[in-house]
Amino acid sequence: MLKALLAGGTAGLALLASAPAAFAQTEIHWWHSMGGALGERLVEIADDFNASQSDYVVVPSYRGEYEESLVNTIAAFRAGEQPHIVQVYEVGTGTMMAARGAVYPVYQLMADHGSNFDPSAYLPVVTGYYTDTDGNMLSMPFNSSTPILYYNKDAFAAAGLDPETAPATWGDIETFSQQIIDSGAAQCGFTMAYTATWLGTENLSALHNLPYGTLENGFGGLSSELTFNHEIAERLWTKLAEWQDAGIYNYGGTAGGPDNAPKFYSGECAMYMNSSASRAGVLANADGFEVGFGMLPVFADVDGAPQNSIIGGATLWTLAGHEDVEYEGVAEFLNYLSSAEVQAAWHQATGYLPVTLAAYELSQEQGYYDANPGSDIAIRQINLNAPTENSKGLRFGNMPQIRTVLDEEFQAVLSGDKTAQQALDSAVERGNQILREFEAANQ
Amino acid sequence: METKRTVFPNKVLPYLFVAPQLIITLVFFIWPATQAVKSSFERADPFGFSTQFVGLTHYIRLFQDPLYLNSIGRTVMFAIAVTAISMGLALLFAAAVSRLIRSSQFYTTLLVWPYAVAPVVAGILWWFLFNSSTGILAYMLRYFGVIWNANLNGTHAMILIIAAAAWKQISYNFLFFLAGMQSVPHSLTEAAAIDGAGPFKRFWTIVFPLLSPTTFFLFIININYVMFDTFGIIAATTNGGPNQATNILVYKVYSDGFIGLNIGSSSAQSVVLMLFVIALTFIQFRYVERRVNY
């Protein structure tokens, strides 16, 4: 009886003691830009982490698209209300890196807060984009993707093409498209997202091993100048304008191009180039035809092409100005995030690249790539060759503005106001002004 | 004529009465505007770690930038088109509705509806109608041999945003014109009718001149609407494209400041825009008002 009372009493005490402890869990705020199904997956990851331990609570909150979220973060930082973790897109990297006092670099966070963090576990092409010139990893890769080619197998078959052979060169793209249009299998050959930017200049330069800018594509310092007005870009842009008139190519708008995906889904265009993370969307929306996957095309006569493609997507940045005990939690969460199981599940559900070798190997073991043909195209494409100075990524401040300039100049080419060379030269000139402005503001 | 003055026995009380309005103006207008003026003379990194005074650099650069000068030209064109179309159609509708007796309420309700639509939604609506692959208007235009593509054709994009901006504003203008017409004394129009003036003549010689205070008021309101409130329409449809064809001043302030994170230049642009509208309003009151019949 006495024992039972005692036991009951201690249990009650324990309850009393644990109740405030539950409230005293350290909150870690995570701002992100994953809407829709991707957002649901992200919340699940946070919930699973919260359930796995009792010291920290990760609170994810959606803060709009990448641009909005970056602006919100900056405003919050200036007001002293910044979150612990924020998801920033790859073109915001230059801006974040220059903001030394605002950022708590991941390698330092992991060193200070005693996690057994091993940067070499990550895929080099992924980390390469986010490390400084001394090889230190500044942010945590989370959702990285690379552009690939999707094609309509049924349209290929109807046009008398081999549905199992994806086009490998721009020459193939042209002849396949022509054959598809002539046979009436589709009205247009292909459409592509980020035609002027991520695909049509950034990955184009990397795949052909050409510099996008001086000083190792901007990795070497803020005084870098743009050099993407090379012969290959001129060739592609000239061709694209020609193909647009011939109906081979269909322009779907700036940036991702809101009109691109519907044209592929509806069968109007037979090929579509966009992020590997579009995979889930493509498979869900392409009813009535089978989808094939391929790598991005290259110009066949260029030696060494394809080199390797570069990534896009976003990483997680830790922001300065919080308590040590909170950073312990951040470190633990980032460790959890990069575990093979979490990464593999995220990769398979979304089409983003697995960011660690372990996650890739786990997905192989689980038979994911065998069961889903084409799902390994992206990872093979970024690993085609060891990255060179020209193909490990880009690092320019104010990159979002530079992308806007490229979109505008490309439109001038399509509307016939400028030749490809004029447009590219003007984009370089305007882009360099933007870079100088950034350099001056970040000295 | 001497206006009647209310004299408060308490010296503090009147200030208390105006305080809420003053505070709101200070906090939401004067203070941000001062900040904008201040940062237009500075160059700062986005996070605000380093700020240097650069004097008039941003302003000088703006007026040397051909893209900015083009943007001014486009804004003027956009403002004239939207104001003319929305006021013209609103006047037409108001004149039509004021002739109705029984069904005027019904038409008024219908015509006022679009005003409840937010600019962003108005933009999306028209974007759908004019979408080159799925839009019904773009589809119909094909019968007239027009290959509509607002993604590439700057003129098409401009027409799209003018249509959306003007459509939304018609309701507002319509309401004011209708109210203005109803306050025109019937005896005047009846007398004119007896003298043999037709409806058209009555409108031009009696109603329209008597409406001039309303027209003048709407003119200023519309210019301000075009200069500032059309931002949502552009953000939702063209994003200032293609190739800057619809990049009007207010949108450029946003895209340079919030996408480009160039706070200095963006502030300088908003100061220019502010001066522009102040000057315009001043000119309107100084010169246009003289010709207005109150």
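A residue is called buried here if 20 or more other C-beta atoms lie within 10 Å of its own, exposed if 12 or fewer do, and partly exposed in between, with C-beta atoms placed from the backbone. By that rule, 34% of the 294 residues of chain B count as buried. The model is predicted, and local features need pLDDT of at least 70, side-chain atom pairs count only at pLDDT 80 or more, and totals for chains, interfaces and linings use all residues. Residues are numbered from 1 along each chain as its sequence is written, while chains are lettered from A and ligands numbered from 1 in the order in which they are written.

**Domains of chain A**

- Chain A is divided into domain 1, made of 17–144 + 312–371, and domain 2, made of 147–309 + 396–441, with bounds that come from an automatic or database domain assignment.
- The centres of domain 1 and domain 2 of chain A, taken over C-alpha atoms, are separated by 29 Å.
- Between these domains of chain A, 13 residues of domain 1 are in contact with 16 residues of domain 2, where contact requires that the C-beta atoms of two residues, placed from the backbone, lie within 7 Å.
- On the side of domain 1 of chain A that touches domain 2 of chain A, the elements giving two or more residues are helix 4 (93–98) and strand 9 (312–318) of chain A; helices (H or I, at least four residues) and strands (E, at least two) are DSSP runs, numbered from the N terminus.
- Helix 4 of chain A provides the largest share of that side, 3 residues.
- By class, that side of domain 1 of chain A has 5 nonpolar, 7 polar and 1 charged residues, with Ala, Val, Leu, Ile, Met, Phe, Trp, Tyr, Cys and Pro counted as nonpolar, Asp, Glu, Lys and Arg as charged, and the others, Gly among them, as polar.

**Sheet in chain A**

- An open sheet of 5 strands in chain A has the order 2-1-3-9-4 with mixed pairing, two strands being paired if DSSP finds at least two bridges between them.
- The edge strands, each of which pairs on one side only, are strand 2 (56–62) and strand 4 (140–145) of chain A.
- Neighbouring strands of this sheet are turned by 20 degrees against each other on average, direction ignored; axes are lines fitted to C-alpha atoms, for helices over the stretch in contact, and angles run from 0 to 180 degrees between N-to-C directions.
- Strand 3 (residues 85–89) and strand 9 of chain A run antiparallel and are joined by 5 bridges, and A314(A) in strand 9 is the bridge partner of Y89(A).
- Helix 3 of chain A packs on the sheet, where it touches strand 1 (26–32), strand 3 and strand 9 of chain A, and its direction makes about 135 degrees with that of strand 3 of chain A.
- Helix 14 (residues 324–337) of chain A lies across strand 1, strand 2, strand 3, strand 4 and strand 9 of chain A, and runs at about 55 degrees to strand 1 of chain A.

**Contact between the chains**

- The contact takes 30 residues from chain A and 22 residues from chain B.
- Helix 3 (66–78), helix 4, helix 12 (260–265), helix 19 (399–414) and helix 20 (420–441) of chain A are the elements that give two or more residues to the side of chain A that touches chain B.
- Helix 19 of chain A gives the most to this side, with 8 residues.
- The residues of the side of chain A that touches chain B divide into 13 nonpolar, 10 polar and 7 charged.

**Chain B**

- Chain B has 13 helices and 2 strands, and its C-alpha trace spans about 75 × 75 × 30 Å along its principal axes.
- Among the contacts in chain B with a separation of 6 or more, 69% are between residues 24 or more positions apart.
- The buried residues of helix 10 of chain B are T214(B), L218(B), N222(B), Y225(B), V226(B) and M227(B).
- Y143(B) has its place in the loop between helix 6 (136–141) and helix 7 (154–182) of chain B, and is exposed because 7 other C-beta atoms lie within 10 Å.

**Backbone features of chain A**

- E216(A), which is not a glycine, has a positive phi of about 50 degrees, and is partly exposed, with 19 other C-beta atoms within 10 Å.
- N217(A) is found in helix 10 of chain A and is buried, with 26 other C-beta atoms within 10 Å.
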